[in-house]
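I am opening a notebook page on this structure and will write down what I look up, entry by entry.

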Amino acid sequence: MRNLLKALILAPVFCAALAVVGIAHAEERKSFSVCWSIYVGWMPWDYGAQQGIVKKWADKYGIAIDVVQINDYVESINQYTAGKYDGCTMTNMDALTIPAAGGVDSTALIVGDFSNGNDGVVLKGKKSLADIKGQSVNLVELSVSHYLLARGLESVGLSEKDLKVVNTSDADLVAAFATPDVTSVVTWNPLLSEILTMPNSNKVFDSSQIPGEIIDLMVVNSDVLKANPKFGKALVGAWYEIMATMSAQDAKGKAAREFMAKASGTDLAGFEAQLASTKMFYTAKDAVAFTTSAQLKTTMEYVAKFSFDHGLLGDGAADAGFIGVETAAGLYGSSKNVKLRFDPSYMQMALDGKL
Amino acid sequence: MKKIINLQPHNGTRWLLALLPFLLLLLLYVAASNARLADNPGDKLLPAMGSFADAIQRMAFEPDKRSGDYLLWVDTGSSLIRLGLGVGISALAGLAFGILNGAIPFARAPLSPLVTFLSLIPPMAILPILFIIFGMDELAKVMLIIIGITPALIRDMQQRVLEIPAEQLIKAQTLGASSWQIILRVVLPQILPRLLASVRLALGSAWLFLIAAEAIASTDGLGYRIFLVRRYLAMDVILPYVIWITLLAFFIDYGLKKISQWSFPWFHSQTGDGGKS
């Protein structure tokens, strides 16, 4: 009987604990955590955390920042959306369709790079994108690959109706391409370069043909950022110190790139090949210029339209502008439901040397 | 005073006690969901009951905007066909090879160690090899189920055949039965209900392999949908799908049990689970 009573008392406590777990709170705090997953544009976070650069900047502002690696990309965003982390690395499209569509007001604190050939469409045997008509295309559905395909098809006057999309796990795409059934895939690096080494494979379209549309970001919870500007300052400060180190053509820069290469499972040459198809914003100046440009708003409009067409903005969405996206060049979509903000102000502080 | 091990709940109480944990779970969920929704009305992790109703309505009773299909039924159909083919073929193979291995020592000598070896290979570990051999289409998904559960079924059937009392086999031989007749008239009837029992136990793994196969490369299916909408954390779709899968699995298991009880009453009176439950 006593045990039953105990259970009755503990059950609501457990409920409450479950509910509270991980909801990122807006009040002023001292310790924060951000997560990242393996991708060429996000390896600097690993380097910064391991080399104590993030800690140095956190100490400067009297806070602590935990940098956690998560092996599964989508899972990392889901964890951030659920409130377990205050920030997470993700692309502009996923920032819109996962946290923003999930009602978590998110801010793109750092615009790190855009894919400039890192994502591509590969055909077996055929040499032009138009040949994709009628084929089954293996890709991770609803990902940036899917978006790239949609943009590619537009450029040759086709639409998704002209082919069949087969959802394929990224972990198995390379093995899939080796089978005779699979004739076309859309994927990202390092899988893309792996597939292109196979005989008879031709890259017919890549993200360098839609420059600046697949953007890699450090996204943080807007409420947390608002209540804790120090968190944003420390992250941005650390980021540009890492950028300066890794882009330097000296021994230290090479060591940094070698470190990142190793951590992402490749060698220096492989990592630099990936960097070559990534437009990194090594300086705050480039990042601010990109973030304040009018093109960003247009890009987000494309992304929102694609997401809406594929039902990614949720059922409540009446049109592509259901979720407001704030950019320096103006607002796209509903002003009543702004959930994604591109905020260049912290990067501007880095540019002005105010961090 | 009665000892607690002798206290039996009455029929009504039994139902109530059975429902209680489910109700508690539901309550727990609603409380946690409300707390999260109060914090963020757009929260997708623990949606409200109303969102589930909307999602079920949308997935099961309204044609999809893009394809015009009723997604839940299309997914269920494709998944059940794959599961049925996979489990059906596995059961037949398990029966045939199990009897062969169990009844004929010269078949057992080369096959049994091989089957044991094969049954110990984790199928998920050899996925890339399976892709290359079986491609990425329906065949590969069915094959993953077959490779996943057949070796264990064969081993189990072989063991059951070996458990048939030697007296029965000797008796049949003294009555002049040939090997073929013994297999057909003595072994097979005794093995069939045991096959159904093994298949029921293997269904759990079969579902696991089905969902895994659909998550890897697919255009429809219950596992496909769950892994697809996971990309935008649509728990309002995922949770009803999970409950639907659980229900389907429960009814398949229940159906197999009933078939077994109708077809082999003698077996169930032996094992003590005949007809009563």
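Entry 1: I looked up which residue of strand 10 of chain A is the bridge partner of Ala108(A), and found Val219(A). Strands here, like helices, are DSSP runs numbered from the N terminus, with at least two residues (E) for a strand and at least four (H or I) for a helix. I take two strands as paired if DSSP finds at least two bridges between them. Val219(A) is also the bridge partner of Cys88(A), and strand 3 (residues 87-91) of chain A runs antiparallel to strand 10 with five bridges joining the two.

Before going on I note how the model is to be read: it is predicted, so local features need pLDDT of at least 70 and side-chain atom pairs count only at pLDDT 80 or more, while totals for chains, interfaces and linings use all residues. Residues are numbered from 1 along each chain as its sequence is written, and chains are lettered from A and ligands numbered from 1 in the order in which they are written.

I then asked how many residues of strand 10 (residues 215-221) of chain A are buried, and the count is seven of its seven. Buried means that 20 or more other C-beta atoms lie within 10 Å of the residue's own, exposed means 12 or fewer, and partly exposed is in between, with C-beta atoms placed from the backbone. In a regular strand the side chains alternate between the two faces of the sheet. On one side of strand 10 of chain A I listed Ile215(A), Leu217(A), Val219(A) and Asn221(A), on the other Asp216(A), Met218(A) and Val220(A), and both faces are covered.

**Entry 2: strand 3 of chain A.** Strand 3 of chain A is largely enclosed by the rest of the structure, because five of its five residues are buried. Gly87(A), Thr89(A) and Thr91(A) point one way from the strand, whereas Cys88(A) and Met90(A) point the other way. Strand 3 also pairs with strand 1 (residues 31-36) of chain A, in the parallel sense and over two bridges, and there Cys35(A) has Cys88(A) as its bridge partner.

Entry 3: I followed an open sheet of six strands in the order 9(A)-5(A)-8(A)-6(A)-7(A)-1(B), and its pairing is mixed. Its edge strands are strand 9 (201-206) of chain A and strand 1 of chain B, each of which pairs on one side only. Within chain A, strands 6 and 7 pair in the parallel sense over four bridges, with Val165(A) of strand 7 as the bridge partner of Val137(A).

**Entry 4: the contact between the chains.** Chain B gives 33 residues to the contact and chain A gives 35, where two residues are in contact if their C-beta atoms, placed from the backbone, lie within 7 Å. On the side of chain B, helix 1 gives the most, with seven residues. By class, that side divides into 19 nonpolar, five polar and nine charged residues; Ala, Val, Leu, Ile, Met, Phe, Trp, Tyr, Cys and Pro count as nonpolar, Asp, Glu, Lys and Arg as charged, and the others, Gly among them, as polar.

**Entry 5: backbone exceptions.** Most residues other than glycine have a negative phi, and most peptide bonds are trans. I therefore noted Leu142(A), which is buried with 24 other C-beta atoms within 10 Å and has a positive phi of about 65° although it is not a glycine. Leu142(A) lies in the loop between strand 6 (136-139) and helix 6 (144-155) of chain A. In chain B, Leu233(B) has a positive phi near 50° and is found in the loop between helix 9 (222-229) and helix 10 (235-263). I also recorded a cis peptide bond joining Asn189(A) and Pro190(A), with omega about 5°; Pro190(A) is in the loop between strand 8 (184-188) and helix 8 (191-196) of chain A.
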